[in-house]
Amino acid sequence: MKYYITTPIYYPNSSPHIGTAYTTIAADAMARLRRMKGDDVYFLTGTDENAQKIVRTAENAGMDPLTYVDGIVDKFKEFWRLLDISNDDFVRTTEERHAKVVQQIFTMLYEKGDIYKSEYEGWYCTPCETFWTENKLVDGKCPNPDCGRNVELLKEESYFFRMSKYSGRLLQYIQDHPDFIQPTSRRNEMIRFIEGGLDDLCVSRTTFQWGIKVPFDPKHVVYVWLDALINYISALGYPDGEKYKTYWPASVHLVGKDIVRFHTIIWPIILMALNLPLPEKVFGHGWFLSKEGGKISKSRGNVQDSFQLIQRYGADPIRYFLLRELQYGMDGTFSEDDLVEKLNSDLANDLGNFVSRTLAMVVKYRNGIVPEPGEDTDLEREIRDLSSKVKQGTEEKMLACDTAAALEVIWQFVSRCNKYVDETAPWNLAKSEDNQDRLDTVLYTFMECIRILGILCAPFMPGVPRKIKPLLGDTDFFKDWEQADSWNVIQPGTAIRKGEAIFPRIDVSAYLEQVNSEMERCVTQVQGNTGHQQEVNLEVSPSQLGNLQQMAEMVPLKEEISIEEFAKMDFRVVKVLQAEKVEKADKLLKLEVEMGGERRTIVSGIAQHYSPEALVGKKVILVANLKPAKLRGIMSQGMILAASQDGELEVLTVQKDLPTGAQVK
């Protein structure tokens, strides 16, 4: 079966970031799964380079547009390589193969009468590359909720595409094909938009010359959205290319929710005007937001260095976190501390620990040789039945583009595998000569579970099977998805080895030390800056800092918040009842505090500044509604406030005899 999946093509106006990575990682996981199922897959991504904001960005950098985007495109390609993206093609809208098709289609639509020349006067948002009528503006600014920036009034000769001509036909198509736009909330939104009336679309510009020329009127360049959307067929060699004949229509266009309108209204109408089939599905996923709120985007300036994140944690943890966190059709939150928590809990503890300890037991009890299994019990049969359900459930969720739910299904199997270890207690079986056959069955089942987990994880974290393969005798068990519910695949007598942990735990104290070091470096950079404004992006969240608070004069103030946003923070007076150092963590103290009769455990990075006994009996300030986080295996239920400067730190205390639980305002 053919399967053609695409991402949107990305603006190369600056380096790629984590906020844009989800779409490509999700498309990659879907493509990998379909390849493992034996489908004929074509996976396309690329860059959208013919935009006015590219020209302005390049001018600000003192470069011509093509030289500028060449450098950024190289970063995109490297980013996708580091994230293990398996795209079959990378299309650039500055390529001749694309420009040729755009000019051909523009001419066809003009000759058909669906494109006509007129004069345009209206409001244009350069960041969004979108024209707006005055009644659509919000307070005179761009109505895009992720933008809201100033627009400029433009008046110029333009070509227009007769969108209005096809509005009824498109509306009927959407109503007749309920799976065309997903999730349903996006579908309903697009229906309402069409029912509100469609204006004809401005499809050319004359105020700048960067872009694809209109072939019969070269003072015009093709407007970016008509140009960009055509990439999905130009990359296939439309109209006569074998790839086009094989793979079109697309199985899935995977896009962010902010560009669903372009892909489900403008693009289908272009295809209708060309009498071409429409894509089978357009799925509009949510955004990743920062913890402070707001979409992670280059324009908001709240992105982290994505290359450093990959270097620090590896591709698989980042892939897992993004795919697991973005729930179906909803927005998700990205922060580095949440990433560390997920890596330690799900990958190191759940998956990695199961692999390590079961391999270690085969090495210990059978000298690293996979034994011949004996007779199955209900436990083994239950795990086999579950593997079949998990395989089927994962397929169903991925067919619906629900990566988070797919991983949740797989983690049911991870949890059951860990439970099986405790239920069978091989360390006890090994003590009795009478239980050696049973031990063989258990150890063999462990190895089969590892093999199956390698298959299940392969689309989402392609590094997992690569790490497991040498541990299971270098046999490649992981290419065939259908083997995910097959059993007795590993040959008894296979030599295995324990190897290194496939997901080492992150040492939280070392992590905090690194974050603090980065903060100090940035502070030093600001202090050493004399007379020149310098932007410093710490990208450090409160939970990353532990109890270290930044002095306002040492770093730029964060973005202003409203009183309503501040009111969400709940500060409480608490009394420290007990305090002790956290084992093998020089900077961490474990505090037991009392808050209005409730006891809580707090892990705080203040051990180098306070002895445990110095805090007992003191009343301090707690951020009481902070999301709990596990540090060194201890669940910390809040954060103690402290101030710091030049290496000195002081916990904020309450001097008056206020009751615990009193609110700090």
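**Close-up views of a predicted model**

**View 1. Aromatic pairs, with Tyr420 and Phe446 as an example.** The model holds 27 aromatic pairs, counted where ring centres of Phe, Tyr and Trp (its six-membered ring) lie within 6.5 Å; planes under 30 degrees apart count as stacked, over 60 as edge-to-face and the rest as tilted. Tyr420 and Phe446 form an edge-to-face pair, since their ring centres are 5.7 Å apart and their planes stand at 85 degrees. Tyr420 belongs to helix H15 (residues 403–424) and Phe446 to helix H17 (residues 436–457), so the pair ties together parts that are 26 residues apart in sequence. Helices (H or I, at least four residues) and strands (E, at least two) are DSSP runs, numbered from the N terminus. Tyr420 and Phe446 are both buried, where buried means under 20% relative accessible area, exposed over 50% and partly exposed in between (1.4 Å probe, protein chains only). This is a predicted model, in which local features need pLDDT of at least 70 and side-chain atom pairs count only at pLDDT 80 or more, while totals for chains, interfaces and linings use all residues. Residues are numbered from 1 along each chain as its sequence is written, and side-chain values use heavy atoms, with hydrogens and water left out.

View 2. Elsewhere, ring pairs join Tyr4, Tyr42, Tyr232, Tyr247, Trp248 and Trp267 into a cluster.

**View 3. Charges over rings.** Lys77 sits over the face of Phe90, 5.1 Å from the ring centre. Arg261 sits over the face of Phe262, at 4.7 Å from the ring centre. The criterion is NZ of Lys or CZ of Arg within 6 Å of the ring centre and within 35 degrees of the ring normal.

View 4. Gln182 and Pro183 are joined by a cis peptide bond with omega of about -5 degrees. Pro183 is placed in the loop between strand S7 (181–182) and helix H6 (184–195). Trp248, a member of the ring cluster, is joined to Pro249 by a cis peptide bond with omega of about 10 degrees. The loop that holds Pro249 runs between helix H9 (242–247) and strand S11 (252–256).

View 5. Asp139, a residue other than glycine, has a positive phi near 55 degrees. This residue lies in the loop between strand S5 (130–132) and strand S6 (152–161), and Asp139 is exposed at a relative accessible area of 75%. Asn275 is not a glycine either, and its phi is positive at about 60 degrees. Asn275 is in the loop between helix H10 (260–273) and strand S12 (282–285) and counts as exposed at 58% relative accessibility.

**View 6. The buried side of helix H11.** Ser306, Leu309, Ile310 and Tyr313 are buried in helix H11 (residues 306–313). They lie on the same side of H11, because they cover an arc of only 95 degrees around the axis, taken from the directions from the helix axis to the C-beta atoms.
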